[in-house]
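Subject: Structure handover

Hello,

Here is the structure I promised to pass on. My notes follow below it.

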Amino acid sequence: MRRMPNDTIIVSVGNQQFVTEFGDPGLPNGGRGGSDRMIATVDGGNAVLIFVGDDQTLQGHSHGGGDHLAATVTGFGDYVFLDGDAQAMSGDAHGGNDVLHVDASTSIYASLGIFGDAESAMSADTSGGIDVVIASMGNRSSGTFSGDSGSSMSDHARGGNDILSVTQVGSYGGASISGDALVSMSGDAHGGNDILSYTVGAGAQSGAASLVGDAGYMSDDTHGGNDILIAAVDGNPDSTSIVLVGDASNMSGNAHGGDDILLGSSRDDLLYGDAQTYAPFTAGSITGGKDMLNSGRGNDQLWGGPSDDRFVFDKGSGLDVINDFDQGNKAVGSTAREHDLINLRDYGFADWTALKSLISDDSTGNAVIHLTATDTITLAGVHTADLHAKDFIV
Ligand SMILES: [Ca+2]
Ligand SMILES: [Ca+2]
Ligand SMILES: [Ca+2]
Ligand SMILES: [Ca+2]
């Protein structure tokens, strides 16, 4: 296997320039990319930077190198794309273990696209590397980030176990963050076990993000990985809009969700253990994972999804709603019984009797757990009479 050299590429991107650099252009089929360092300063306006760690395509038995791609963006209206390995991967290609870092914290209207392995499709028997993606977003910026593919993973593609950390530093911005494929996983694709975090920094006026453990859409026989999703709000912004989804926005066919951990922010969040919507091939053909959801402070909406999930509430949890307690399997057409659990250990109740006295139906017949004067959990579609000691950890 031919091994390419380790290169250092340093570029400065000025006004309206369009710069594309590859770490190992002309990588032969079956070759191995070098460990390249690619460093850019984008200080002009309306410029485009594309860094690709290895080559345009990785195919055959090619291996991407372990590359370090970094860009500092300070201009107005710049586009920055970092691809850890290639623009597309096919055959048995393997992505390298890359570090991709963009600091666009002082930019305005930047558009970022950072992908651990391929910017577009990963097909056949490709596998993504173990990548680290770190981004600081500026004012009015938008960003798309994924651990493996910026579009689709199909056939037998495998996602790597990646770490993605995105911070909204400037006043306003929005991010879409996916552990594996940004758009879709189909066929027999498997997502990796990823860690995704999104932080609205102390100086931001607002932050919006969608964090998805595996892909936008999961269809066919795809499997989601066991992911950890974390959202945080450091300051006191005017508004936030944060959605955490353990596997995919939409699961269809025979897709299987992984066992995920979702940790919400101090503001009002939406948490879904598996998917937001389901389209099973046959009744119960989609399965969910055993997820753990803790939505933090704020008034949150939670869905565990199919299978047995655990909901954890700590003191100060706010006015929260669990929308599918023991009803997640219904969403995929299954009548199998479910055993979700609510962990209230942080509240220090003496026993189930003490807790039970705080639960009553509201005017529409939904059970409401009155933890404190300012903390309640509403269980939509569940009556107080349906609840038992076995539903809680006290
Ligand atoms: Ca990867
Ligand atoms: Ca994943
Ligand atoms: Ca899940
Ligand atoms: Ca929250």
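With 394 residues, a compact globule would have a radius of gyration near 21 Å; the protein has 22 Å, which agrees. That radius is taken over C-alpha atoms, and the globule rule is 2.2 Å times the number of residues to the power 0.38. Along the principal axes, the C-alpha atoms fill a box of roughly 70 × 45 × 30 Å.

This is a predicted model, in which local features need pLDDT of at least 70 and side-chain atom pairs count only at pLDDT 80 or more, while totals for chains, interfaces and linings use all residues. Residues are numbered from 1 along each chain as its sequence is written, chains are lettered from A and ligands numbered from 1 in the order in which they are written, and side-chain values use heavy atoms, with hydrogens and water left out.

Fold. The secondary structure comes to one helix and 34 strands. These are DSSP runs numbered from the N terminus: helices are H or I with at least four residues, strands E with at least two. Of the 394 residues, 56% count as buried. Buried means under 20% relative accessible area, exposed over 50%, partly exposed in between (1.4 Å probe, protein chains only).

Sheet. Five strands form an open, parallel sheet in the order S13-S16-S19-S22-S25. Strand S13 (152-153) and strand S25 (275-280) stand at the edges with a single partner strand each, so one side of each has no neighbour in the sheet. Two strands pair if DSSP finds at least two bridges between them. S13 and S16 (residues 181-185) pair in the parallel sense over two bridges. Ser152 stands opposite Ser184 in S16.

- Gly147 and Asp148 are both buried.
- Asp247 lies in the loop between strand S21 (239-245) and strand S22 (248-253), Asp260 in the loop between S22 and strand S23 (261-263), so the pair ties together parts that are 13 residues apart in sequence. Asp247 is buried at 0% relative accessible area, and Asp260 is buried at 1%.

Salt bridges. The count comes to two. The rule is a side-chain nitrogen of Lys or Arg within 4 Å of a carboxyl oxygen of Asp or Glu.

- Asp188 bridges to Arg158, with the closest N and O atoms 3.8 Å apart. The pair links distant parts of the chain, 30 residues apart. Asp188 is partly exposed at 25%, as is Arg158 at 31%.
- Asp391 and Lys390 meet at 3.3 Å, N to O. Asp391 is buried at 1%; Lys390 is partly exposed at 45%.

Best wishes
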